[in-house]
Amino acid sequence: MTSAQQLLRSQRDSLLNWTCEHPAPLLRWLRDAEVLSSAHYLSLLESSSSNAVAQALETVCATEESSQKFLQVLRDVQDYYCRDLQVWVERHCMNDTDSKPKPAPEKVEEKKPKSSLVKLFKGKNRGFTVTAEVTGKEELKPGRTAKFSNTRVSISAHKTTLLKRTEQLKCYSEGEGVASNSASHIEIRYTDLFVTEDYDLMDSSQHEYFDLASRRARIYVHQACQRIRPSHLLSPQGTSARPVKRVKVKGIAGIGKSVAVQRLVYEWAIGKNMREFTCVFDLRFRELNLIEAPVSLLELLGDRFRYLKAILTDLLTSPSSLLFILDGLDEFKFPLNWDSPDKDIDVGLKVPVSELMVALIKGSLLPEASLILTTRPSTEAPKRFFQRCCVVLGFEEDQVKEYTTKFYKDSSIAGKVYDYILNNDNLFVLSFIPLYCYIICTAMAEFFSSGPQDPDDSKSLELNPPRTVSEVYFCYLFTAVKHHALRGSAERSTPRSEVLSLAKQQLTNLGKLAYENLLKKKIMFTRANLESYGVKPADVQSTFLCHILQPLKEETVEMFSFFHLTVQEHLAALYCAISLSSQEDIIQALDFWCFGVQPSSSTAVPLQNIDLNMDKLESLQMFTRFFMGMLRARLAGQLDGLVLQPMEQENSIPARLGLWFHDQFKNRKLENQTALNLLHCLMEFHMEEATSIVAPEIKRLNLFKMKLSVVDCAAMHYVLQFSPHKLQELNLGYSNIGNRGLNRLGPILHRCESLL
């Protein structure tokens with residue numbers, strides 16, 4: 001009898017060769033078997049594949065016990081690897097049960113098709129015996145039918161493909177003043193999210209970003225809040241023993257829905273969660289937008305997962321063992337008719353893709369299958385079709401700290417950044433949104449160092465640490481541009497204007513693409529779309545564009561999108577800030593973006609040949625805030641190197657804008673959300689000359705049931721502090737501003753004649 005240690009040492013090179021191409025499943029299962037510590041496991045994920053496996057084998061071979069566990073793990077993960085490894089496992093790690101006499105064959109009753117597939121993918125027997133010799137040439141899994149073997153091979157290929165697609169999170173690699181584009185393993189970077197049951201009704205009049213913080217506070221105060229881990233979304237509710245079949249997960253853009261789905265798919269593919277499902281199909285609505293012709297479910301899945309095509313018919317006959325994950329309903333361009341009568345649609349019937357998705361979500365198609373749908377609050381799927389509705393509220397304070405610790409390799413820098421975020425109301429609220437947290441941490445890498453900072457390092461930035469949303473995004477963009485521009489012969493002390501001028505044409509083209517398509521609410525672009533704006537698709541991976549645009553490459557499709565809608569909004573605002581060069585152009589633009597008033601006589605490119613439906617005005621609120629922030633940056637000289645022509649009467653622009661805002665509060669009956677957005681625009685503009693003109697005209701502010709965040713309170717405080725008069729009425733009824741919001745408003749509350 002050969003010991004496990006001896007066997008592994010003698011076969012080390014072969015095992016290394018078979019597993020080094022994709023070590024993730026082996027390493028994860030070794031960690032869960034407590035062969036590797038968590039710290040050692042994470043360090044191996046950062047190593048090269050061959051080094052990771054070599055170090056793992058070194059650890060495993062230290063004792064006979066760990067060697068035995070390794071062989072057990074190898075049995076469990078063999079399907080992720082090549083046939084040679086699978087044959088080796090069959091030869092050297094025989095089942096104990098294989099050596100026992102086989103019972104007499106029993107009469108098998110006819111069962112539903114699902115049972116055979118489900119049985120096929122149940123956990124394997126973990127008992128084994130190490131054998132030194134092979135008594136004869138064996139076929140892999142000799143007792144299985146060819147059909148079952150083909151199914152297992154296809155599912156294994158599916159899992160391996162999903163693992164390779166989901167195991168990396170795109171990010172910056174941070175070092176001492178260095179940021180470069182890279183990817184970090186999902187198990188290293190992923191930070192858990194705050195997900196809970198959704199009992200709330202969405203206030204459709206309020207922009208989703210501005211609803212989030214107060215919504216969180218209200219749930220904390222009024223609800224015994226139960227955290228739901230993404231892997232438990234389909235777990236039974238309450239005392240019910242029945243698993244949930246259909247789940248809707250709601251959350252604003254950037255809150256982490258897609259990353260949570262990515263982690264969910266990763267956990268299934270690596271064999272650690274939701275093992276009751278034979279197969280998981282993950283579909284993204286932005287990809288489904290490309291399907292113009294009628295299509296059947298069988299055809300759609302066959303095109304999306306070509307390696308499953310041969311077994312799809314068999315899989316779909318066992319729907320209870322299938323999970324569909326549909327990500328990003330809000331990005332779907334086709335109309336959805338939830339009230340249409342259910343049609344008799346089967347998996348082979350060709351229908352418009354919108355009808356197919358409605359049937360799948362409602363359960364009129366494959367009602368026994370499980371389904372998870374993600375969407376933004378602004379695009380609702382009726383609750384009646386779901387057994388569980390959840391809302392993603394982003395990070396909690398502890399998760400913000402955890403995220404910054406994971407983001408920076410240097411713990412002292414992580415501590416400095418976290419303290420800065422904690423002491424800045426704007427950044428503190430933003431940081432609960434994972435996307436913002438990523439952008440904040442990326443921007444902050446330029447301002448904090450663990451050691452003495454070279455004065456020349458800050459000269460090329462010429463900015464203070466960001467305080468507002470606009471400043472955060474501009475620092476993020478400038479960081480990406482600077483590291484690309486200075487990769488060659490330029491010095492880090494190169495002036496900011498020179499750095500920006502190196503990317504002037506690219507940023508102008510990119511901004512025009514962002515702006516014109518923002519007005520159309522278009523977020524996906526073909527190669528031809530990019531090229532028509534002078535953006536070269538080849539540059540997406542090799543320049544700073546890799547931090548701005550992301551390619552979507554499928555077997556038959558190549559599309560591009562901004563890596564988030566807010567990045568598109570910011571670039572659109574930057575383009576307008578450098579393109580509008582007169583007071584009249586700026587005023588006409590604000591009239592158009594805020595109130596839908598068509599420009600009359602402007603020759604500025606951003607105001608020509610444009611159209612906007614009034615019902616789309618709310619979608620431009622973040623964009624208008626970004627624009628005011630970027631306009632301030634231009635007036636301060638921070639966009640020198642990008643501006644297309646000098647600004648006319650530059651010194652009088654703050655006063656002219658102050659009068660425009662004054663007129664809106666005086667002459668318009670503003671909806672409360674519109675009034676609040678104008679206050680935010682003034683805070684982003686952050687110029688006393690303008691704000692001091694506006695503030696005296698604000699005599700009443702009705703924010704009843706507005707669910708205000710700390711940032712909203714900061715915007716109110718910033719503007720109203722410049723008023724020499726008392727506020728006649730401030731209605732904050734049912735606004736749930738919380739203690740931090742009250743503290744922020746404290747200095748102005750005593751100046752209100754009527755406080756409701």
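1. The largest nonpolar core has 197 residues, and Trp593 and Phe627 have the most contacts inside it. A nonpolar core here is a set of buried Ala, Val, Leu, Ile, Met, Phe, Trp, Tyr and Cys residues joined through side-chain atoms within 4.5 Å; buried means under 20% relative accessible area (1.4 Å probe, protein chains only). Helix 22 (residues 469–485) gives the most to this core, with ten residues.

2. Quick caveat: this is a predicted model, with local features needing pLDDT of at least 70 and side-chain atom pairs counting only at pLDDT 80 or more, while totals for chains, interfaces and linings use all residues. Numbering starts from 1 along each chain as its sequence is written, and side-chain values use heavy atoms, leaving out hydrogens and water.

3. On Phe627: leaving aside residues up to four places away in sequence, it touches Ala573, Cys576, Ala577, Leu580, Ile586, Leu590 and Trp593 (contact means heavy atoms within 4.5 Å). There is also a second, separate core of 41 residues, with Cys279, Leu301, Ile345 and Leu366 among them.

4. Now strand 9 (residues 370–375): six of its six residues are buried. Ser370, Ile372 and Thr374 cover one side, Leu371, Leu373 and Thr375 the other. Helices (H or I, at least four residues) and strands (E, at least two) are DSSP runs, numbered from the N terminus.

5. Strand 9 pairs (at least two DSSP bridges) in the parallel sense with strand 6 (residues 246–250) over five bridges. Lysine 248 has leucine 373 as its bridge partner.

6. Helix 33 (residues 710–720) is largely enclosed by the rest of the structure, because eleven of its eleven residues are buried.

Key. Buried means under 20% relative accessible area, exposed over 50%, partly exposed in between (1.4 Å probe, protein chains only).
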